[in-house]
Amino acid sequence: MDTDLRNNPGLLKLELYCRGAHIDDSLKVTDDGGRPILRTRAGLGSGLELILPDNIWTNVPTVERFVRHSPYVVRRRADGSIWIDRGREPIARVQLAPRPAWYDRETTTGKCMTQIGTLQGTYLGVYPSKVCEYWNDKPERTNCKFCSVGLNLGVDDAEDKKVQEVVEVAVAARDESKITYVDFNTGHYEGETYLDILEPYIKAVKEATGVLIGVQTPPHADLSRYDRLKQIGVNRVSFCFEIFDPEIFIEVCPGKAERYGLKRYLAAVEHCAGLGRNAGLSFDPWVSNGEIIAGIEPPESSIRAIQWIAEKGAIPTVCVFRPLLGTDYEHLPPPRTEDMVRVFAAQYEATMAHGLPINVAPNVNVSLVMLPWEARWLVSKGTRARFAFKEAKMAAQRRLFSKVFLGQLARRDERRRAPVA
Ligand code: SF4
C-alpha cells in the first residue's frame with residue numbers, strides 16, 4: 001500500500017474519517033456551490049461532502065471535538081481550486097459535492113425538499129417515518145450509543161413524510177442529479193411496523209423512477225417479508241447489527257439487544273443472502289448487506305464480522321465510528337487510521353475472495369462509508385495481483401449492467417416526461 005496520502009485517495013478518505021478537517025475561512029461551502037452540513041445522515045455523520053481524487057466521495061467530520069486536533073484544513077485557493085492541506089503542505093485537490101438546484105426548492109405541499117430526502121454521495125437517502133422508538137423508551141432511552149437520529153429529527157428533517165412528497169423528491173433527484181439508487185432507512189417501531197410503513201413509499205418510488213431501491217430496518221420476525229420486498233422491487237436489504245462481539249453489542253446497542261438480539265440480525269443477513277443466490281447478473285439485482293461500525297469493538301472482532309458476512313454471501317458494509325456531538329459516545333476518541341486500514345483491507349479481501357457483486361451499480365458513490373471497492377487502495381500490490389482477474393470480471397459486469405440498466409432508466413424517464421395525449 002502506498003502510505004503517501006498525496007497518492008492514495010482511499011487512505012486519505014479513511015484518515016479524514018478518523019481525524020476530520022477544519023474548514024478555512026477562504027471556503028464558503030454553500031456560496032461555493034457545496035452542500036450544507038446537515039445532521040440528517042442516518043445518525044452517523046454531519047460533515048462536509050467532498051469528492052477526493054479518483055472520484056472518491058466522502059463526508060469529512062468538521063464539528064466534532066476530535067477535529068480540534070486535526071492537522072488537515074480544507075482551503076480555497078486564489079485561483080478558485082479547493083485543496084486539503086496538512087498544515088500548509090498541499091495533500092490533494094478536491095471538489096465540493098455539488099448542491100443540486102432541487103435542494104433549494106419545496107415540494108407541492110410546501111416542505112423544503114431536503115427535509116424529505118438528501119443526497120448522501122450520489123444516492124438519495126430517505127428516513128420516512130417518525131423517530132426510532134428507542135429514543136422514547138422510559139425510564140431510560142435504549143438508543144444505540146453512537147447514534148444521533150433522535151437529535152436530528154425535526155431539526156433538519158421533517159417528521160412526517162407523505163408518499164407523494166418522497167416521490168416528488170425522488171423524481172427531482174432522478175431528473176437533476178441522475179440518481180440511480182434510493183435508500184430507505186427506519187429505526188425501531190413497536191409492533192414491527194417498519195416494513196408496512198415503507199412498502200407504499202417503495203412501490204411509489206419504484207413505479208415513478210425505476211431506480212434501484214434499498215431498505216435498512218431492523219430484522220423482521222417473518223422472514224418471508226423479504227421475499228415480498230424482492231417482488232415489489234427492492235434490490236438491497238441491509239441489517240445494521242453494528243457490533244459482532246455479543247457482550248459489546250449489548251452495551252452499545254441496548255435497544256437492539258433487548259428487542260431483537262444479535263442472532264436475529266445474523267439470521268436475517270443469511271436468509272436474505274440466500275434469496276439472491278444463483279440469481280447471476282440480473283438487471284433487477286438483489287443483495288443482502290450486514291452493516292457494522294468499526295472503531296468501537298477491537299479491530300479483530302470487526303474483521304471476524306466481515307468474514308462471517310462475506311462467507312454467508314452477503315456484502316459487509318463498514319462505517320467508521322464518529323463520536324458525534326450530543327451523542328452518548330461524544331466523549332470517546334475516534335478510531336486510529338492504522339486500525340481501520342486493517343479492517344478495510346479485510347473487507348476488500350473477503351468480498352473479492354467470495355466473488356461478491358461490489359461496484360456493479362452505476363453512479364452509486366457513497367460518502368458515509370468506505371466501499372469494499374474503495375478499500376482496494378489499502379491492500380498490498382500482491383493482494384491486488386491475486387484478485388486481478390476477478391477485478392477485470394467485475395469491471396466487465398459493471399459495463400454491461402450500466403449499459404442495460406441506464407438505458408432502461410432513460411427510456412422510463414422519457415415516458416414519464418412525455419405529454420399525456
Ligand atoms: S436503531 Fe439504533 S442506530 Fe438505528 S436509529 Fe435507532 S438508535 Fe439509531
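Asn359 turns up in the loop between helix 10 and helix 11, with helices (H or I, at least four residues) and strands (E, at least two) taken as DSSP runs and numbered from the N terminus. This is a predicted model, in which local features need pLDDT of at least 70 and side-chain atom pairs count only at pLDDT 80 or more, while totals for chains, interfaces and linings use all residues. Residues are numbered from 1 along each chain as its sequence is written, and side-chain values use heavy atoms, with hydrogens and water left out.

Asn359 is not a glycine, yet its phi is positive, at about 60°. With a relative accessibility of 27%, Asn359 is partly exposed; the cut-offs here are under 20% relative accessible area for buried, over 50% for exposed and partly exposed in between (1.4 Å probe, protein chains only). Val360 sits in the loop between helix 10 and helix 11 (381-386) too, but counts as buried because its relative accessible area is 10%. Val360 and Ser402 are 42 residues apart along the chain, and their C-alpha atoms are separated by 7.7 Å.

The peptide bond running from Lys138 to Pro139 is cis, with omega near 0°, and Pro139 belongs to the loop between strand 8 (123-126) and helix 2 (149-152). For context, most residues other than glycine have a negative phi, and most peptide bonds are trans.

Glu192 also shows up among the partners of His220, which touches Tyr194, Leu195, Arg225, Tyr226 and Arg264 as well, leaving aside neighbours within four places in sequence (contact means heavy atoms within 4.5 Å). His220 lies in the loop between strand 10 (212-216) and helix 5 (224-231), and is buried because its relative accessible area is 10%.

Another loop residue, Val67, is placed between strand 3 (56-60) and strand 4 (72-76). At 2% relative accessibility, Val67 is buried. Its contacts beyond four places in sequence are Arg19, Gly20, Ala21, His22, Pro61 and Thr62. Arg19 is 48 residues away from Val67 in sequence, but the C-alpha to C-alpha distance is 5.9 Å. Pro246, by contrast, is found in helix 6 (residues 246-252) and counts as exposed, at 52% relative accessibility. The C-alpha atoms of Pro246 and Cys319, 73 residues apart along the chain, are 18 Å from each other.

Finally, the ligand. Around the ligand are Tyr127, Cys132, Tyr134, Trp135, Asn143, Cys144, Phe146, Cys147, Val149 and Lys256, each with a heavy atom within 4 Å of it. This shell divides into 8 nonpolar, 1 polar and 1 charged, where Ala, Val, Leu, Ile, Met, Phe, Trp, Tyr, Cys and Pro count as nonpolar, Asp, Glu, Lys and Arg as charged, and the others, Gly among them, as polar.
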